[in-house]
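Subject: Structure handover

Hello,

Here are the sequence and the structure we discussed. My notes on what was found follow below them.

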Amino acid sequence: QVQLVESGGGLVQAGGSLRLSCVASGSIFSGGIFSETAMGWYRQAPGKRRERVALITSGGSTNYVDSVKGRFTISRDNAENTVYLQMNSLKPEDTAVYYCHLEGGALIVWGQGTQVTVSS
């Protein structure tokens, strides 16, 4: 069974930092297939649509939503089947549930989400 487990969320003051982690588990990843996937971080605030925050391709290319450019950094460690989201200079509007997303061929998996709350 394929699972994505996020961690690292919490409560932080505006201007602070958090680092989210997402670990992919399942026997399918034993052969190194994780490196062939595209990994993304999405977020959903109350009453709002889910939006993609950052994406990292299998080749390491990255893409960010305009509102987080220069503040957030997505990275991956294929040996550990893990993707990270470093979030700096956090703002109250970054408050949301953050979800990890994996896509590779026919495989699409979502994590359960981790809450990030930024106080003003």
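The largest nonpolar core has 30 residues, and the members that touch the most others are Met39, Trp41, Leu85, Met87, Tyr98 and Leu102. A nonpolar core here is a set of buried Ala, Val, Leu, Ile, Met, Phe, Trp, Tyr and Cys residues joined through side-chain atoms within 4.5 Å. Buried stands for under 20% relative accessible area, exposed for over 50%, and partly exposed for what lies in between (1.4 Å probe, protein chains only). At least two residues of this core come from each of β3 (18-25), β4 (38-44), β5 (51-56), β7 (72-77), β8 (82-87), β9 (96-104), β10 (107-110) and β11 (114-119). Strands (E, at least two residues) are DSSP runs numbered from the N terminus, as are helices (H or I, at least four).

On provenance: this is a predicted model, in which local features need pLDDT of at least 70 and side-chain atom pairs count only at pLDDT 80 or more, while totals for chains, interfaces and linings use all residues. Residues are numbered from 1 along each chain as its sequence is written, and side-chain values use heavy atoms, with hydrogens and water left out.

Aromatic rings

The whole structure was searched for aromatic pairs, and two were found. Rings of Phe, Tyr and Trp (its six-membered ring) pair if their centres lie within 6.5 Å; planes under 30 degrees apart are stacked, over 60 edge-to-face, and the rest tilted. Phe29 and Phe34 are edge-to-face because their planes stand at 75°, with the ring centres 6.1 Å apart. Both Phe29 and Phe34 are buried. Tyr42 and Trp110 also make an edge-to-face pair, at 4.8 Å centre to centre and 65° between the planes. That pair links distant parts of the chain, with Tyr42 in β4 and Trp110 in β10, 68 residues apart. Tyr42 has 16% relative accessibility and so counts as buried, whereas Trp110, at 37%, counts as partly exposed.

Two arginines sit over rings. The criterion is NZ of Lys or CZ of Arg within 6 Å of the ring centre and within 35 degrees of the ring normal. Arg50 lies over the face of Trp110, 4.7 Å from the ring centre. The charged end of Arg19 is over the ring of Tyr84, 3.9 Å from its centre.

Strands and hairpins

Two strands are taken as paired if DSSP finds at least two bridges between them. Tyr84 is the bridge partner, in β8, of Ser75; β7 and β8 are antiparallel and share six bridges. These strands belong to an open sheet of four, antiparallel, in the order β1-β3-β8-β7. Its edge strands, β1 (3-7) and β7, each pair on one side only.

β4 and β5 run antiparallel and are joined by five bridges. They form a hairpin with six residues between them, and Gly47 in the turn has a positive phi of about 75°. Met39 stands opposite Ile56 of β5, and Ile56 in turn stands opposite Thr62 of β6. β5 and β6 (residues 62-64) are antiparallel as well, with three bridges. Five residues separate them in a hairpin, where Gly60 in the turn has a positive phi of about 95°.

Ser61 is in the loop between β5 and β6 and is partly exposed, with a relative accessible area of 46%. Neighbours within four places in sequence aside, Ser61 is in contact (heavy atoms within 4.5 Å) with Leu55 and Ile56.

Regards
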